[in-house]
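Subject: Structure handover: ring and charge contacts

Hello,

Here is the structure for your files. Please open it next to this note.

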Amino acid sequence: MPGWKSILLGLLSLTGSSLSCAHHDDGDVVPEHEREELLKKWDQEWSFSGIASFAHLKPVKCLIEPQERYDIAVIGAPFDTAVSYRPGARFGPRAIRAASARQMPGTAFNTRAGINPYKSWATVKDCGDIPVTPFDNAVAEEQMYQAFLELGSRPALTPSSSKYGTKGISAGKSKLLTLGGDHSVALPALRALYEIYQKPITVLHFDAHLDTWNPARYSAYWVSEQSAFNHGSFFHKASRMGLINNSTSAHAGLRTRLTGVDDSDYTNPGPEQGFMRIHADDIDELGPMGIVDRLADRIGLDPEEPVYLSLDIDVLDPSTAPGTGTPEPGGWTTRELIRILRGVEKLNIVGADIVEVSPSYDNKGETTALAAAQAAFEIITTMVKSGAGEELGGWYGRKEPVKGKKGSKGKDEL
Ligand SMILES: *[C@@H]1O[C@H](CO)[C@@H](O)[C@H](O)[C@H]1NC(C)=O
Ligand SMILES: *[C@@H]1O[C@H](CO)[C@@H](O)[C@H](O)[C@H]1NC(C)=O
């Protein structure tokens, strides 16, 4: 239990700026001393109180506030009309925000990582949701692309000249964490990142499924250009569009249903399969840190190569995360996933998503949404820690440095 003093300090420092420009109805500015008194009395939240923004962060509709700046933006993409099985992930952002309630900025020190991501150099904001249409997937995809591009193109609050903030290709650039939504939201996100970074993006993909399927797999006779935009084919599409680096990307946690071992699902070295594969069962031989080593070896630690982390919550076992669109028994536990996420904290992650949380299949304990909120916390921690300007250690569970890809820049000093 942290001391009461630190909890109170945490509570008190939550919403410092939210009231600073309030006016009385008659237009008079609230006098300074009155303001101070109000802040002392009321400027606090409990974990169970307040508007349900992510981690009690200041919510702002960034898309209609072009002056709004941040280093990291949490953005909801409540879209679920491209799924092949259970719908419902449009309610994911709300569920993840509600489940993040115990992430009080003042008491959010991440012991595994050795940093409080909400009280460090970075300004993290909850930018609300993209108002994605449920009626037209082509329009929805364009809406998401434009929103990601707009939010991701704003200069970070922390300039590249600062001691803080990530260096290399993402220096001075803001980072987005998307709360999905079904997994197809990753396509507009990759389109936007390609535009921002002007090069193919390395994808680290946690999922039970490949999501690189040729759209023809679903219904070859009825396939259309539009039907190719779905939550099992968006990586196929993204790869064909040249958005993904085919030699550095990786799947982790696979245990998908296939049409066989000798067709295009798996063994065909087709373009859509430019991902290294780590299966869910591999954790039994390798352990979480063995998986981390394989990922680091494949992806490398080059600060000039942007990495997108895409996390389908169905990478977890349904006992851990039942509230998802396409559950597959035999997945990882939340603890294993957290450890792997901590292990890959040295990768150059420039954007991320957490998708396929479908709360109507969750339980009363919000198990799935809690896991997603924790994963979001770990990813935000990684984004903040990588710009801390100093080596913070605290790499939970291991002391020795990660082994990056041979010849990759920056591995020696890590
Ligand atoms: C993919 O990443 C590798 C390793 O960082 C890099 O050498 C290569 O240029 C990248 N490919 C493309 C097409 O950018
Ligand atoms: C990846 O492979 C696909 C299929 O061959 C190709 O269309 C795409 O251009 C490749 N991506 C890059 C970045 O080279």
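Below are the aromatic pairs, the charges over rings and the salt bridges.

First, the ground rules. This is a predicted model, in which local features need pLDDT of at least 70 and side-chain atom pairs count only at pLDDT 80 or more, while totals for chains, interfaces and linings use all residues. Residues are numbered from 1 along each chain as its sequence is written, chains are lettered from A and ligands numbered from 1 in the order in which they are written, and side-chain values use heavy atoms, with hydrogens and water left out.

Aromatic pairs

The whole structure has six aromatic pairs. The rings of Phe, Tyr and Trp (its six-membered ring) pair if their centres lie within 6.5 Å; planes under 30 degrees apart count as stacked, over 60 as edge-to-face and the rest as tilted.

One of the pairs is Y118 with F377. It is tilted, with 6.1 Å centre to centre and 40 degrees between the planes. Y118 sits in the loop between helix 3 (92–99) and strand 2 (124–129), and F377 sits in helix 10 (residues 367–385), so the pair ties together parts 259 residues apart in sequence. Helices (H or I, at least four residues) and strands (E, at least two) are DSSP runs, numbered from the N terminus. Y118 and F377 are both buried. Buried means under 20% relative accessible area, exposed over 50%, partly exposed in between (1.4 Å probe, protein chains only).

F235 and F275 also form a tilted pair, at 5.4 Å centre to centre and 45 degrees between the planes. F235 belongs to helix 7 (residues 234–240) and F275 to strand 6 (residues 275–279), so this pair joins parts 40 residues apart in sequence. Both F235 and F275 are buried. Ring pairs also bring in F234, which makes a cluster of F234, F235 and F275.

Charges over rings

A charge sits over a ring if NZ of Lys or CZ of Arg is within 6 Å of the ring centre and within 35 degrees of the ring normal. R86 lies over the face of Y361, 4.1 Å from the ring centre. R191 lies over the face of Y145, at 3.9 Å.

Salt bridges

There are 13 salt bridges in the structure. The criterion is a side-chain nitrogen of Lys or Arg within 4 Å of a carboxyl oxygen of Asp or Glu.

R112 bridges to E378, with the closest N and O atoms 4.0 Å apart. R112 is in the loop between helix 3 and strand 2, and E378 is in helix 10, so the contact ties together parts 266 residues apart in sequence. R112 is partly exposed at 28% relative accessible area. E378 is buried at 0%.

R191 turns up again here, in a salt bridge with E142 (3.6 Å, N to O). R191 is in helix 5 (residues 186–197) and E142 in helix 4 (residues 137–153), 49 residues apart. R191 is buried, with a relative accessible area of 18%. E142 is partly exposed, at 31%.

E305 pairs with K199, the closest N and O atoms being 3.2 Å apart. E305 lies in the loop between helix 8 (282–299) and strand 7 (307–312), and K199 in the loop between helix 5 and strand 4 (202–206), so the bridge links parts 106 residues apart in sequence. Both ends are partly exposed: E305 at 26%, K199 at 22%.

Last, a network. Salt bridges with shared partners join R112, R342, E345, E378 and K385.

Best wishes
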